[in-house]
Amino acid sequence: MLELKGIFKWYHSGNNRTFLLKNIDLSVKVGEFISVMGPSGSGKSTLLNVIGMLDTFDQGEYHFLNESVHKLKEKQRSILYKQYIGFVFQAYHLLDELTVYENIETPLIYQDIKSSERQAMVADMLDRFRIVGKKDLFPAQLSGGQQQLVGVARALIANPKLLLADEPTGNLNSKQGEEIMELFKELNNDGVTIIQVTHSEKNAAYGSRIINLLDGSIEH
Amino acid sequence: MLKNILLTSIRNIFRNPLFSFINVFGLAVSMSLGLLIILIIKDQYSFDNFHKDSDRIFRVNTKALRTDGGSENYASAPFPLGISIKDGYSFAENIVLINNQLNGDAVYRNVIVPVHGFFADSSFLKVFNFKLEKGNPSTVLNDPDGLILTTDAAKKIFGNEDPMGKVVKFDGYGEFTVKGVFEKLSAKTHLDFEIIASLGALPLLEKQGAIKQTLNNWNNYYSNYVYIKIKKGENEKEINAALAQISRKHYAERKLETRDKGYEFYLHSLKKISPGPILSNSMGKALPVVILLFLGILAFTILLMAGLNYTNLMIAKSLKRSREIGVRKVLGATRWQIFLQFIGESVIFALVSLAASYLILQFLKTALLQLHLVQEFSIDLTEDKWVYIYFILFAISIGIFAGLLPAGYLSGFKPIVVLKNMMSKKGSERQLLRKGLMVVQFTISMVFIATVFVIFFQMRYLMQVDYGINDKNILNVNLSGNDYKKLSVELGSVAGVQQIGFVSHRLGTFQDYSDNYKLKISDAPFVMRDFRADPNFISNLKLRFAAGRNFATDLPDDRETEVIINEKALGYFNFKTADEAIGQQIYASDSIALSIVGVVNDFHFRPMNYEIGPLAFRYRPADFQHMSIAFEPGSNDKIIKALSSIWKKADPVHQLEYNLMRQDIDDAYESSGFTDILKIMEYVSFLSIIIACLGMLGMVMYNTQLRIKEVSIRKVMGAGVKDVTLLLSRSFIWLIGIGVAIGIPLSYLLGNLILQNFAYKISCGIWLISAGGVITALLGLIAICSQTIKAALANPVKNLRTE
């Protein structure tokens with residue numbers, strides 16, 4: 001699915017170069033469920049953002065589905081991730097002024113999908129996540145677990161091949177967290193490749209592979 | 001996409017009611033001004049758009065070059081110019097000659113009605129598409145007695161009778177036969193007429209002396225209009241060259257009017273006549289382009305301020321919106337889509353504001369109809385389908401312009417940056433932009449307010465200034481052509497009337513006569529203004545004589561002998577003292593010998609825009625047009641009552657027109673548009689300060705909210721209300737200070753520019769301007785402190801707890 005080769009990312013403070021990512025080599029196959037772990041500041045989120053093409057890197061190669069991401073222009077990159085990647089955030093990041101239905105629909109609008117088609121897709125998703133009854137509510141009217149459910153539904157609406165989750169359960173209680181992880185497991189079984197960042201050993205165990213980061217490098 | 005934008009925008013409007021109110025209110029009041037101007041402009045551009053081939057119709061204007069180096073443009077041109085074009089050149093498909101000397105009362109049986117119109121021939125109906133309801137357009141003006149009436153004029157003269165074939169008499173012009181009636185015209189035209197008589201009547205009228213010398217008189221460029229419809233493919237430039245040729249040919253050997261040294265003729269496209277430049281002798285009632293420009297600039301400025309508010313508050317809110325933008329981008333939105341979303345949002349804001357401004361417009365229209373300007377130019381403010389389309393287009397473009405800056409700025413956010421809350425770095429740059437916009441707003445407000453002050457105090461000065469005459473307890477009455485002697489006798493017996501005088505023009509208004517004067521018959525004459533008055537008029541004014549006396553009371557009516565001049569005129573005749581002038585003979589109108597019997601002290605006889613110039617009083621009863629009734633103080637109501645009943649019997653045709661003399665003098669400023677400007681400026685500066693203060697309010701409120709935690713911590717650490725208020729207010733007070741500081745020199749310049757129009761004026765001193773600055777600053781300060789004091793008084797623990 002994707003391959004990172006010798007990825008470096010750094011910033012300068014004074015004369016020193018501080019590394020955020022250091023010589024990352026990573027290859028992810030279709031259908032894997034990877035958990036990225038490591039202490040705070042080890043570069044987990046940065047790595048996820050680089051994979052998600054939200055962030056750039058300073059050196060190295062990134063191949064995604066036969067495309068060389070490091071050679072692409074920003075516009076081409078955004079077309080690529082729009083089509084293949086879905087994001088789930090720790091803070092859910094739902095749009096406050098849109099209803100559940102509209103939140104889930106938004107990515108489809110940006111992909112210029114026709115209105116009738118959108119309706120069918122959103123209805124399917126609401127069904128699948130069993131939140132049909134909540135479709136007209138606003139995020140503020142939902143519990144954290146429900147909000148994250150909507151967040152996942154929104155990330156999946158455009159049928160991404162890769163789901164990136166940055167501490168998806170970080171703001172949830174353990175029961176809600178478990179539900180989300182169960183959901184991820186199901187999705188993975190259905191063929192979605194997942195990379196999640198997590199602090200919790202328990203959540204990491206849901207994955208098929210664990211990658212440990214320390215100071216921007218992968219620990220072997 | 002559109003639905004999504006719409007939903008988000010509308011929910012955003014309701015989610016931030018105060019922010020929305022500030023924006024909608026500001027935009028609405030300023031847009032109402034814009035709507036009004038759209039109405040006025042639409043009205044002004046509706047002139048003469050019903051003529052066929054109007055792009056080929058031109059009027060020939062005259063530029064009179066003065067001997068003193070100046071020049072004046074006239075809408076009129078000499079009659080023989082039209083004939084020369086007709087006979088000597090081939091560029092014209094048709095030429096319309098119009099003579100404007102047809103004014104007076106139409107008499108039919110026992111009906112006497114004042115009407116106005118002009119002489120024209122049948123080409124008038126060929127070139128201009130005025131349709132006839134009755135009569136044959138190709139023959140109706142062929143006979144010298146042919147006459148066409150508008151339906152309104154026909155109704156006034158004939159009532160319900162069929163006017164066709166009826167004979168109407170015009171005082172001084174003879175009899176005309178009605179050969180046609182115009183269809184009622186719903187469109188506007190600069191050609192201002194109720195009746196049109198055949199041009200064929202002119203030769204006889206000229207011979208009889210009923211009209212000024214016209215037909216062969218190249219020096220009479222006042223009484224005629226020359227319109228030409230040029231052939232297809234003819235070039236305006238070449239025609240203007242041909243006109244220059246004509247001018248050279250005919251004026252080379254001719255003796256011109258004293259003040260002129262030559263004339264230039266040029267084409268003026270029909271489409272650019274109304275609205276068009278200010279021209280002397282122009283027909284019709286169209287606003288000059290400068291007025292439109294002036295109103296347009298005001299509206300634009302106010303709109304700019306409201307737009308800046310939107311921009312400002314939108315950018316201020318960017319911190320709140322940044323997360324939304326980041327999420328949207330992660331979900332696949334491109335920069336362009338985000339950009340469109342914010343443009344869409346501001347357009348929706350503008351459309352909501354349009355609805356509100358439409359309501360305000362209705363009030364504004366009522367107020368506007370009170371303005372002299374609107375009445376004078378009979379501006380039609382009705383709305384039609386097109387107006388609504390313009391309104392909506394207007395609102396949309398306002399939305400787009402107000403949204404451009406925030407949309408461009410906000411859509412540039414990088415999702416990774418905003419989602420990680422790394423925004424603070426860009427803060428200072430954003431602050432600077434916002435602060436700059438704020439300063440601009442307060443500068444504009446300050447300039448407006450100071451200008452209102454200048455105009456207001458100048459106005460008050462004009463109203464109170466001593467003209468050097470007695471203008472109290474004098475009633476001016478228009479004679480309307482009535483026999484002054486008869487009226488004088490009848491009114492003389494009314495209780496309270498002290499003395500009745502007569503004069504050619506109401507003194508102190510913009511109207512008067514001027515004539516050529518010289519000391520010796522062989523001298524070069526100079527132009528001096530004069531009033532034709534009787535001795536009573538002069539004594540009513542209580543003018544003081546520097547030497548000599550008033551007119552004798554037994555002067556002959558048919559022959560002039562005496563003249564009174566003012567002190568200013570002495571120098572023009574090379575007299576050293578007033579006494580020296582008494583008994584001297586001077587010449588008026590080239591050859592009328594007059595003996596100076598009195599010299600009066602200088603006084604203001606024109607509005608204060610002008611310096612006191614040389615002046616003469618002459619006794620010419622034929623020119624008397626106004627009565628000046630001096631009455632006992634407090635008896636004016638009684639006198640007006642008596643006057644009305646006497647007038648009704650003496651003259652059933654004309655309305656009685658009267659006014660107090662002082663009122664006439666004050667009204668002159670109003671009719672020159674000065675009061676209108678004051679009223680408009682008052683409204684505009686009111687709007688601008690409201691908008692600026694609202695914008696400030698929004699900024700302060702937002703900023704205070706952001707700093708509420710900091711404030712709470714400081715209070716817990718022991719800061720007092722005063723410290724906190726000052727802390728929160730300081731940077732905003734600076735902005736107002738800078739705005740006012742920039743505004744002061746600008747106001748000073750503008751104030752002096754306005755006062756330049758007056759020979760006598762207040763001094764536009766620094767205290768007057770500063771007063772404007774102080775008021776601006778005070779209002780801004782209220783807006784700031786209303787928020788900061790509130791924040792400073794709040795219980796800190798409460799704010800910290802909710803964190």
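User: Which residues does Asn312(B) touch, not counting residues up to four places away in sequence?

Analyst: This is a predicted model, so the answer describes the prediction. Asn312(B) is found in helix α8 of chain B, which covers residues 289-316. Leaving aside residues up to four places away in sequence, the residues that Asn312(B) touches are Arg434(B), Leu437(B), Met438(B) and Met699(B).

User: Is Asn312(B) buried or exposed?

Analyst: A residue counts as buried when its relative accessible area is under 20%. Because the relative accessible area of Asn312(B) is 1%, this residue is buried.

User: Which helix gives the largest share of the side of chain A that touches chain B?

Analyst: The contact takes 24 residues from chain A and 24 residues from chain B, and across this interface there are nine residue pairs in polar contact. On the side of chain A that touches chain B, α1 (44-51), α2 (74-84) and α3 (100-110) each supply at least two residues. The largest share, five residues, comes from α3(A).

User: Which residues of chain A lose the most area to chain B?

Analyst: The area buried between chain A and chain B is about 2300 Å², and carbon and sulfur atoms give 56% of it. Together, 31% of what the chain A side buries comes from the residues that lose the most area, namely His93(A), Glu97(A) and Tyr110(A).

User: How many salt bridges are there between chain A and chain B?

Analyst: The side chains of Glu102(A) and Arg11(B) meet in a salt bridge, at 2.5 Å from N to O. For chain A and chain B, the count of salt bridges is two.

Key
Residues are numbered from 1 along each chain as its sequence is written. Chains are lettered from A and ligands numbered from 1 in the order in which they are written. This is a predicted model: local features need pLDDT of at least 70, side-chain atom pairs count only at pLDDT 80 or more; totals for chains, interfaces and linings use all residues. Side-chain values use heavy atoms; hydrogens and water are left out. Contact means heavy atoms within 4.5 Å. Buried area is the accessible area (1.4 Å probe) that two parts lose on being put together, summed over both. A salt bridge is a side-chain nitrogen of Lys or Arg within 4 Å of a carboxyl oxygen of Asp or Glu. A polar contact is a pair of N or O atoms within 3.5 Å; within protein, one must be able to donate a hydrogen and the other to accept it, and residues adjacent in sequence count only if both atoms are side-chain atoms. Helices (H or I, at least four residues) and strands (E, at least two) are DSSP runs, numbered from the N terminus. Buried means under 20% relative accessible area, exposed over 50%, partly exposed in between (1.4 Å probe, protein chains only).
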